[in-house]
Amino acid sequence: MDFEALQPELLLTFGGMVVSKKIKTFLRSYSPKNHWHIDPVQANDTFFCLTKHHKCTVNTFFSQLINLNKSATESTYFETWNAVKMHRLSRHDAYVKSIPFSDFKAFDSILKQIPNDYILQSGNSSTIRYLQLFQLNKTLSVFCNRGTSGIDGSTSTAIGAACVSKQPTVFISGDLSFFYDSNALWNNYIPSNFRIIIINNRGGGIFRILPGNKNTETFSTFFETNHSLTAEPISRLFDFEYASASSVAELDINFKNFYKSSARPKILEIFTPSSENDPILLSYFDFVK
Ligand SMILES: Cc1ncc(C[n+]2csc(CCOP(=O)(O)OP(=O)(O)O)c2C)c(N)n1
């Protein structure tokens with residue numbers, strides 16, 4: 001790819017840290033001439049080229065910018081960028097059609113099924129990383145308790161936020177992250193429209209994505225922490241409805257009912273093949289190039 005053609009003259013950012021390592025690497029290697037961050041209080045110099053911190057809200061910044069009424073500068077930047085984006089989107093769709101059941105395929109199904117206007121809470125680890133590979137339904141409000149990328153406390157955060165917001169919420173979590181914080185379910189305030197989706201790849205799937213020999217007992221015991229737990233007994237303990245799926249067909253059946261109103265909150269546990277997830281994710285990046 002011609003990265004130089006995508007190098008921006010001006011980069012505008014707002015919000016917290018960028019999750020994508022690829023975007024970070026790109027903007028650090030092909031530095032924008034100017035980087036402006038908009039935030040009333042703080043500005044992270046994520047790309048080591050921050051030139052201005054606009055200390056105001058995003059809405060103030062953009063309304064003042066529009067009011068400047070400056071005529072647009074001649075540029076082909078949008079066309080170049082958009083062509084790359086369109087290519088990537090069509091390759092993305094082709095890739096999803098070609099792959100077997102896996103974390104990747106499960107995310108595709110999950111994201112197509114979330115009803116409009118839901119709050120989507122994401123766990124850390126690969127959940128938040130998969131989410132950024134998909135075009136999300138724009139009516140969703142998406143949250144992730146990033147902090148220092150801890151896999152603890154994500155369920156508690158999602159439940160707390162759902163209690164306060166009163167909006168229907170779906171929380172997507174990895175299995176280890178879910179089991180770490182299972183005590184989050186021990187409270188009397190979980191709304192009945194709260195939904196949990198667990199991607200159970202039987203351990204820390206993210207560690208398989210990193211380079212190294214994965215076919216050793218040391219790897220599976222101490223890095224991946226391979227296990228055979230399921231969330232079904234926990235669902236019974238805390239009075240959640242429970243269902244599970246291990247294929248797209250089973251997911252489709254489950255999603256017919258999953259978001260329907262119910263007296264109790266629900267858990268859907270999706271079992272994926274741990275040793276197939278990482279090659280499928282890594283091949284994706286080559287395929288969409
Ligand atoms: C509190 C805390 N402990 C340990 C880690 C290190 N860590 C990062 S990812 C991960 C595995 C997460 O596994 P899971 O929740 O099943 O998600 P997956 O990687 O399979 O998507 C661990 C243990 C962490 N980030 N936070």
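In helix 13, four residues are buried: S274, N277, D278 and L281. Buried means 20 or more other C-beta atoms within 10 Å of a residue's own; exposed means 12 or fewer, and partly exposed is in between, with C-beta atoms placed from the backbone. Viewed down the axis of helix 13, the buried residues fall within an arc of 90°, so they line one face of the helix. That arc is taken over the directions from the helix axis to the C-beta atoms. An α-helix has 3.6 residues a turn, so residues three or four places apart point the same way. The buried residues of helix 13 pack against helix 5 (103–113) and helix 9 (206–209). Contact here requires C-beta atoms, placed from the backbone, to lie within 7 Å.

Helix 13 covers residues 274–287, which is 14 residues. From first to last C-alpha it reaches 21 Å, close to the expected 20 Å. The expected span is 1.5 Å times one less than the number of residues. Helices (H or I, at least four residues) and strands (E, at least two) are DSSP runs, numbered from the N terminus.

The model is predicted: local features need pLDDT of at least 70, side-chain atom pairs count only at pLDDT 80 or more, and totals for chains, interfaces and linings use all residues. Numbering starts from 1 along each chain as its sequence is written.

Of its ten residues, the number buried is zero, so helix 3 lies largely in the open. N69 follows helix 3 and has a positive phi, near 55°.

Now the domains. The assignment, automatic or from a database, gives domain 1 (3–74) and domain 2 (100–287). Their centres, taken over C-alpha atoms, are 32 Å apart. Four residues from domain 1 and four from domain 2 make the contact. On the domain 1 side, two of these are nonpolar, two are polar and none is charged. Ala, Val, Leu, Ile, Met, Phe, Trp, Tyr, Cys and Pro count as nonpolar, Asp, Glu, Lys and Arg as charged, and the others, Gly among them, as polar.

Next, the ligand. It is surrounded by 15 residues, and the closest are S126, G174, S177, G204 and G205. Ten residues of the shell are polar, three nonpolar and two charged. Helix 8 gives the largest share, three residues.

Several loops deserve a look. Most residues other than glycine have a negative phi. T225 is not a glycine, yet its phi is positive, about 45°. T225 sits in the loop between helix 10 (217–223) and helix 11 (232–237). It is partly exposed, with 13 other C-beta atoms within 10 Å. D239, also not a glycine, has a positive phi of about 60°. Its loop runs between helix 11 and strand 8 (241–245). D239 is exposed, with 11 C-beta neighbours inside 10 Å.

D117 belongs to the loop between helix 5 and strand 4 (119–122). It counts as exposed, with 11 C-beta neighbours inside 10 Å. S192 lies in the loop between helix 8 and strand 7 (194–200). S192 is exposed, with 12 other C-beta atoms within 10 Å. Leaving out residues up to four places away in sequence, S192 touches S262, A263, R264 and P265.

Methods. Contact = placed C-beta atoms within 7 Å. Near = placed C-beta within 6 Å.
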